[in-house]
Structures are given as structure tokens and as C-alpha cells.
Amino acid sequence: MPYIGSEDTVRDLRRVLSNPNVQSDQLRYRNTILKVIRAMSQGVDVSGLFSEMVKACATVDIVQKKLVYVFLCSYATLNPELSLLVINTLRKDCQDPNPMVRSLALRNMTNLRLPSLVEYVEQPLTAGLRDRAACVRRVAVLGWAKLHNLQTNSEIDAAVVNELYSLLRDPDPVVMVNCLRALEEILREEGGVAINKPITHHLLNRLKECDIWGQCEVLRILQRYRPQSEDELFNILSLLDVSLISPHPPVMAATLSLFLSLCSGLPAVGLAALERVRGPLLAACGNTSREMQFTALCHIQLLLRSLPGLMGEHYKRFFCGYAEPAYIKQRKIEVLVELVNDDNVAILLDELRGYCTDVNISTAHAAISAIGRIGRSYSDKCLEILTELLGLKQEHITSAVVQTMRDLVWVCPQCSRTVCSAVEGCEAEIQDSQGRHALLWLLGVYGEQVSSVPYTLEVFIDGVRSEASVGVKMELLTATVRLFLCRPAETQDMLGRLLHYCIEEETNMCVSDQALLYYRLLHCGIEETRKVLQCRRSDPSLGVLIGRPAEPINQWSYIFNTLEPLRPGAIETESATIGGSPEHMTFDPKPNNDLSDTLSYSFGKTVRSGESEHVQCPTIFRCSPQSLQAAMQLVNIQTLAFTPPHTLPWRVYLYTNTQNKHSADTCHGTLILGELLYTGEEIQKKSKDEENVGVEARQDKREEEREEDTAEGRSEKERVKKNTAEKGIKVTLKQQPRDEKALKGFLSVLTTVLHALSSE
Amino acid sequence: MSASAIFVLDLKGKVLICRNYKGDVDMAEIDHFMSLLMQHEEEGLICPVMAHGNVHFMWIKHSNLYLVATTNKNSNASLVYSFLYKLVEVFTEYFKELEEESIQDNFVVVYELLDELMDFGFPQTTDSKILQEYITQEGAKLEVAKTKVPTTVTNAVSWRSEGIKYKKNEVFIDVIESINSLDVTVNANGSVMSSDIVGSIKLKTMLSGMPELRLGLNDRVLFALTGRDKGKTVVMEDVKFHQCVRLSRFESDRTISFIPPDGESELMSYRINTHVKPLIWIESVIEKFSHSRVEIMVKAKGQFKKQSVANNVEVRVPVPSDADSPKFKTSTGHAKYVPEKNLVVWTIKSFPGGKEFLMRAHFGLPSVENDEAEGKPPITVKFEIPYFTVSGIQVRYMKIIEKSGYQALPWVRYITQSGDYQLRTNV
């Protein structure tokens, strides 16, 4: 921070500080130091005064001491040599009869963060652990954690660790909790503080003495304990019941988290605990602090994944107030969608409709797509509202409604007629590319149902030169060709113009390649084109995916009560897992990542050069694309494209975007692209460790089939056996950014799914 | 928990004061905070958690300050927010108002407080009365500081010191309930969307020595426990007590017994989640004739006991931002146009129960339409009804026992206030 005259200020201050007259007058000395600190807070670089301040440290005045320590801790790292001078004073202070001075000295000694000083600090710290004043012990205990943090690779002193363990029995609750914290830090390599039965019971008995911070800490650390018997488990649970309904949200959440980890083997008890926290959680949603409300909402979303009916009758608590910030409104809308049932759907939709005209555009969009999602179960009412919204002729609303309708129509093909009549004539209002993209898809697929489509497309084609979005151009191509298939006479001329433009003048490779593809396809004849472009209408079997099954609690319990659920998109909502049709998956409007680009541009190159593994489940290629897709989506893998069943070579392209759930320190996701290839030929080369899994599974499978097949003819059995013995699916994976763990996890999930499918 | 550092920023994002607790996150990271916030604001997606690389900012806003905690761990979010609010609470107790100016005036105390409140990213002493022992600065103007605070190490009752003397022993009990409600006019009679009552019992104690107090309420659980069944009772949820209340006694037999802190304090707070009739019901008709005028008709009806009177009632009706030339007619009270907030404020000094009042307003609209999108702000109502509680909670007795056996007088006062009391309009 540049500060005018900062050099003068420092010079003046130095002059005054070194004036012996000032030094002898306590009040003046103190005031001068105050000025130094003020200058420091204002961003002036006063580090030049370090040696003067070190001198000022030797004083009996506590007020002055505190001020000087603030200064020293801020600049110690810049002056390691001079800091050595302070140590003497600090060590002397550690002998002071006043416990406040002792704790102050000890704390600042450890706050200097200088590895070179460690040897001088250890002795006072050891003495501090045995100090008779609790406030000194508190500081000393954490001091050891700080020391360890300074030199993480140093030997852990067993004597200190033992002493810290024994201090868990300290009469002061804060000392006890600090011991836990320090041990966690020091023993991190070994997995943190060891929790055995006596320690657990001791901590539980003293839980009530701690303040809320301490309680949360204890509850968190107890998560590692595994009770030895069921009796003990239930004793612990009943002891914790009071904390479970604590009015302090952090304590309640920490207790629930502990409950869930203790009851991981008893899902019924876990669910009962969720029921029990309903009241406190709802209360937390009405907390005066918005941030706490937001946190509570995010955690409620987690709970709803396992117990969708948890908040059903309390839906009114999730209605949005006018002045609430957008982040709360959007989470509330997401929760509301989960709470829809036959009784409240009318009121809920009415409420959501009100949010669609919110001033905040993203809130409005969230409300509109929420209505779309409710539309999967209550399509008539929702379509009525959506159509009504189109009547408002608001640019962004129309665009969002069209996108929502596209997604809805894919899941509920029976709505197509209503949707088609609704979207007619709204092209003028849509300006953004995602909205136009959705509109074009609808027009292309349902071209025969809307009379005015050729005119609409003509407008688009005339303006193709000024079109900026690649996605819209590609969709326009597809839509026009599709329309040509069902209404050739009206479309032929404009299709010709469009193809000509795209092939001759378009600079973007993707667009011109696609145009070329269609051009050549049309050369092969109408029937061929129809085969390729005939739109895959959604399958009624997709219906099973609408009602999301209740997940087991341990799917999310490890992120409960952390930062994770608060991150946008951390909680997989239904709309994320099952978007619209896979056809527009590549251009799925996801505002915060450029997934679509990565996919469309790098796909061809990446897949082949990636890592490859073999999975032995050859019958998979007989499986229908729909069931494959459905199964993949259940484990959050998206299929991009696949060849029809029973064709050779058989290929599937898929991707997933994983959140890193393994380490607490990083929160980055990774994108994995995959290709499944089944050529029908024998695999020669086998690679890597995962192969073992494949082999085992293959052998299991062979045995299984052998047993199953005994009833059938012998020849049949032999053929199957031969097949399985020789052929496998080749899996090629490409990942960015690199994350070995996630890749392995993904492969094992994929293998499981493939095995499950092929055994069906 | 693990907050790596705590920052206090002004509205422009300049660091006023900061404290590095762990040293595992670069202090310069805070420079990204403001730009991230602006970016989110532009997209309309402000969020209390923001990430830059693997550093997460968790922040709250208080008057003209941002309080930010940084972390690079997957830490416990609710605990961090609780701590930030605790900071606000402690600072406010020290400086009365927590704002940029008070931080700058008291930066030394802020340093001291930050030092005591947290160590190595873990909250330590957060009770403001205990904190006083450690704070040396005289600049800290904590009112209660007059009485000498006992050392927590020796005294069992950390919130009250011995040897307090009053000539006249009195205790004042205020029962304050505020109603938060969200109403919507679904049809002519309207239905209440959600409402809850947040109540608190405040004490002002002027008692000598170490008195033992017992408070009796018409708590339904207590009545059921003792088998009594007469009169009106209330069911309280989420009861929170001051630390002086013996929780074990309350849990076992619902007795609220305590040694009170001296002076003013909040003894307990509770929430009651029942459907109550809106105390002041508003019907509104807002007719907007584009390019010419807006006609507003608001009818307010007091739906509480005839004996009670609501004081200082304020009905705030939103009007379009481009409205001009206001004209009003009211059956009682007076209406005022507040153009900077786009509101008509209708004030009624005293509003007896069961009565109904009317206000009409007329505004002109310019012929050129304002094409900025405007939301539909609700009508908000403010009021205060003394000698009345919505929940019907009652202080049945307050027993005061002290060794010296003096006589002390308890005074009880009830008041109902509007909290966040909104009624949606039909525009």
C-alpha cells in the first residue's frame, strides 16, 4: 500500500522512539508505540523500526508489551536475526509471577514463526504445560502444535505427546480441547489423536463443560471411535441425544455427524437421527444470520438425498422472502422441488411462479427450471404456467422457459404437442445462444407439428453470417436437415443455401465439418440420412430415473458439516444428473465450466492417446443403449454417443466430471473422458494392476455362466465360454487434471456397472 | 474449525485489520476477495463462500465492514460463521457500534481481542465478560467494566461478582415477542404463508449480594409434568438460556433457576411456531394505469383484543420508482411519500384493536415508461403492542432468595413487536 510520506513517518517515529527522555516517560513511550502500530495497520511499512521496538519490549508495562508483541509478530519473519534479541525478554517473561504475562509471552514466542528459534522455545513450552494457571497451559498446549507446524518433518517428541495425552485430564475444559487440537496436528501422519474407550468416555462425560467450540471439536474427533459393543454404542447415543437437539446449529450438526458415523452399520438408527434433527434444522433455517441459514439449507439438501420425505409437511418454511439474497432463494427453490407431493403441488407451483419474475435473473431461471422439473411428474399444471410465462414477452424468461421445455419434452414426450404450440412465434424474443439452441432443437425434432417452422428457420439461415455461437450454427444445420426429411419441398432451397455457406465460407472447423458430413450423407440418399438423423425419441424406460431413489446415508455423510455442501453444484441435483436428452448433452448449459468446449474440441485427439485398460464383460454389447445409459447415469457417468447394439466394432463414449471426495485439503474436480471399445477380437496385451480385477471377475463370471448354462444345450454353453475367454472390452481413459485416485475410483465404478449390466 | 486468518475489510476491500493465525495461507490472498465479490455480484450470484484456487473465503457483512475468514481446509462452515458472528457480538459490546470508524479508533483493542478470541485458528475465550480480564486497554469502553470482574479461575459464578449493593432491591422483567410473518393474498381473505414468534425475556437486575432467582412461566411441559391443567399454557421451541441458568434443573423439572448477572442481560429466548392471525391485517388494491397514474387503496385492520392498543403503527407501501405528484387521503394518521425509498409511509400513532382504517393514495406516472425491471416488494408493517403477548406467555412468579433475606420487587412488562412482517401485494 503506497502511503505518502511514509519514509518521513518512519524517520520521525524512530527519532522519538530512541529519545531517552521519551523512553523514561512511560506514557509518552506508550503513545509513540501506539503510533507505530497505527501506522502499521494503515499499511505503512514500519519494519525499519524493528530494533527500536525490540528495545521497547523490555518493560513492565503490560499494555506496552502487548503492543510491541503485535508489531514483532508481524515483522519477525523479515528480521530473523534481530528477533533472537527478543527471545531473552520473552523467556524472562515466562517466569513472571503474573499468569497473564506468562501466557502472553508464551503465545507470542510461538507466534514468531521462526524455525531458528525453536530450540529456545521448547524449554518454556515444557514448563508451560505444567503451569498452575489454566490460561498458560492453554497457550502452551497449542504452542506445541505451532512448533510442529513450523518443522513438520522433525521428529515427534514422544515425551511431549505423552504429556499432552495426560493433559486431556486437565481440570480446565479449554486445555483439554486444545490438547485434542494439538495432538490432531502433531500426529496427523499417524491419523490424528488415538481414541480409545477410556478417552472416549472421559471426553463424553466432560462434553457439557465445554463451550460450543470445544463441543464441536470433541464431537468431531470422536467420529473416529468405534464402540466395542452394541450396548456401548447405544449408551453413547443416548448420552448424545441432548446435543442432537441443541439450539446451537454447529453443535447440532457436529452431533448428527457423529451419530451418522457411529451408526454407519445401522442405517435405521441413522434415519431416526435425521428425523430427530428436523426441528433444530428448521430452526437453523430461520436463523437471523443469512450465512447460517444458507449453511442449514445446504445441509438439508444433503439430508433429503437419503430421506426425501423429511421436510414434506414443512414446505412453507422454505418459501422465499422478498428481501432474501439470491443464494438463499436459489437453495430454497432447489429444496422446494424435492418437497413436492400431491397435496402441496398447487400451492408450491403458485409460489414458484411468483419467483419466475424475480429481479435477479438467475433466481428467475432457477424458479423456471424448478417448475420444469416438477413438470416431470405434474406436466399439465407446469406447462400451463410455463406457457403463461412466455406471454410475458421478457427476453430472459422466454429463453429459460424454452430451455426448460426442451428438457421436459425429452423426459415426457407426451407434452410435445403443448410445447410445440407454445414455442411457436417466440423466436423473436430469444437473444442468447443457449435459448436459441434449445429452440432450434425443438423446431428440428418436432418440425412436422409446427406449421411455421420453415419461416422461422429461414430467418435464422438468413442471419447465419452474423451468428456468433458455434453451437447454434451446428444445431441450425441439424434442425434444417431434419426438417428437410419431413418437409422437403419447403426446406430444400434454404438447406442448399445453408450448406453452401457453411462449407464454402464458414471458418469454424466444427461447423464446416458437420455441414460436409450432412452434404455427403444426403448424397447417399434420403433413407441413409434418415437412419442417421432420425431423432432418438426418449424411451419410456427413462421414466424410472425421475423419482430419484433414496441414497444410503454414507453416500454423503463424509462431507456433512464441512465446507463442501456449500460449494455451488456440490450437491448433485436431479437436473444435473439427468438433464435433457443426451443429444444436447455436449452443449448442456452449464454456466460455470467449459465442459462443452473441452468435449467437442478435444475428443477426437484425446481418447485414443489415453490410458487403456481391459474389462472382461463381453456380453455388454448386446445390452440396449437405453439401459446402458440409465445405468451409467445412476453412477453419474454421462454417455455421449454409442453404436447400436450387436454391431461390431461396438463403441461407447462417455464422460464424467468428478468431485474430489478423498482429501479434505483440495476441492478440485477432474474431467474424465472414456471410450469403451469391443472389437470382437482377442486381446493380446494386458496391462496394469487393474487387470487382476478384470481377470478375477472374468473367472467368476465364467464359472457362474457354466453353472447357469447346465440346463441349456452343450454346444451353446461352449460357445459362450469361448466368447468370454477370449474377448473383452477395451477401456480407454483420458483425464484432466491428473488425479490418479479419481481415475482408479472411476475405473472400478465403471467395471462394476459393466459387470452388473452384462450379468443381467 | 481451522480458520487460517481473519480479516476486517472496509467496503472498498481495504484491509483495516487482520490477524494471521496459522500462517498456512498467504496473507496476500485477501486481495482477490474484493474482485471475486464484484464478479459474483455482477453475475447476481453472491455467495457467502468464495474460492480462489484452494483458498476459501467465508465472509459476513456488518454495517460497512466485511469480516472474512480464509481457510485452505475443508473446514466446518457453520462453525466459522458462528465465530464471525461471535466476533461481531464481542466487538459490538466493546465499541457499541461496530463500523469502520470504531475499528480504526480502537484498533489496539481489536488486536488484543483477536489475540484472545482465537489461537492457531481455534476459538479460545469468547465470553465477553471473561475477556475483560485479559484486555488491558483503557480505551475499551465496556459499560459493565465498572464492576470488578472476578477471576474465572477462582470463582464459580463467572458472570457476577460478590459484594454488589443496592439501596432498593428490584428486578425488571421484559417479555418481548416479535412476529415474523410472510403473508400472501391468495384470494380475498388471504392466508398466512408462514409465521413465527421469536420471544425473549430480558432482565434488569438491581439486587444486592448473591441472590438465587426462580422464574415461573406458564410452560405447557411444566404444567403437564406437575399435573396441573388450568389456564392457558404455551409450548416453547428452541429455548436458549443465558449461561447463568442451571440447564440440568431445567432439563429435569423445567425449573428456571439462576443467579442473575448484574445489570441488563437476556435471560432466555424462545421460538413459537403456531399459526397466528396476523395482528394487523392489510388489504391492498394497487391499480397501475401505465403512462398515467397509480391508485393505491390500503385497508388496515387490527385483529387483536379491543382493550389493547398498537402504538406507532407504520404501514410501508411500495410505489413505482418513477411515480410523481402524490396525493393522499387517510381516515386516520397521516401518509408521507418517501421518494428515495419508493415508499408511502402511513403512520398511525395509536391503533386500537378491532378498528379498521383506510388510506388512499394517488400518484402520477410519466408517459415515458421506465424499462428497468422492478420487483414486487411487499408491504411491510411495523407496530408495537404493549401489555400483550401473542403467544400468551405469562410470568407466573419470580422468587428472589438471598442470604440476608431482603425483600425485593419484581416488575414485569410485556410487549409485542413486529419483526419481519410482510404482506405481498397483488400488482
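# Briefing on a two-chain predicted model

Between chain B and chain A there are 6 salt bridges. The structure is a predicted model.

**Interface between chain B and chain A**

- The contact joins 75 residues of chain B to 68 residues of chain A.
- About 6000 Å² of area is buried between chain B and chain A, and carbon and sulfur atoms give 57% of that area.
- The size of an interface is often expressed in this way, as the accessible area lost when the parts come together.
- A salt bridge links the side chains of B:K22 and A:E185, with a distance of 3.7 Å from N to O.

**Domains of chain B**

- Chain B is divided into domain 1 (5–132), domain 2 (170–276 + 390–424) and domain 3 (280–386).
- The C-alpha centres of domain 2 and domain 3 of chain B are 33 Å apart.
- In the contact between these domains, domain 2 of chain B contributes 13 residues and domain 3 of chain B contributes 12 residues.
- The area buried between domain 2 and domain 3 of chain B is about 1200 Å², with 59% coming from carbon and sulfur atoms.
- Of the area that domain 2 of chain B buries against domain 3 of chain B, 46% is supplied by B:S418, B:Y421 and B:L423, more than by any other three residues.
- The count of salt bridges between domain 2 and domain 3 of chain B is 0.

**Helix α8 of chain A**

- Helix α8 of chain A covers residues 118–129; at 1.5 Å a residue, its 12 residues should span 16 Å, which agrees with the 16 Å between its end C-alpha atoms.
- The buried residues of α8(A) are A:V118, A:V121, A:P124, A:L125, A:G128 and A:L129.

**Residues with a positive phi**

- Most residues other than glycine have a negative phi.
- A:R113 is not a glycine, yet its phi is positive, at about 55°.
- A:R113 lies in the loop between α7 and α8 of chain A, and it counts as partly exposed because its relative accessibility is 24%.
- B:S325, also not a glycine, has a positive phi of about 35°.
- B:S325 belongs to strand β17 (residues 324–330) of chain B, and its relative accessibility of 45% means that B:S325 counts as partly exposed.

Key: Residues numbered from 1 in each chain as written. Chains lettered and ligands numbered in written order. Predicted model: local features only at pLDDT ≥ 70, side-chain atom pairs only at ≥ 80, totals over all residues. Heavy atoms only, no water. Helix = DSSP H or I, 4+ residues; strand = E, 2+ residues; numbered from the N terminus. Expected span 1.5 Å × (residues − 1). Buried < 20%, exposed > 50% of the residue type's maximum accessible area, 1.4 Å probe, protein only. Domains from an automatic or database assignment. Contact = heavy atoms within 4.5 Å. Buried area = accessible area lost by both parts, 1.4 Å probe. Salt bridge = Lys/Arg side-chain N within 4 Å of Asp/Glu carboxyl O.
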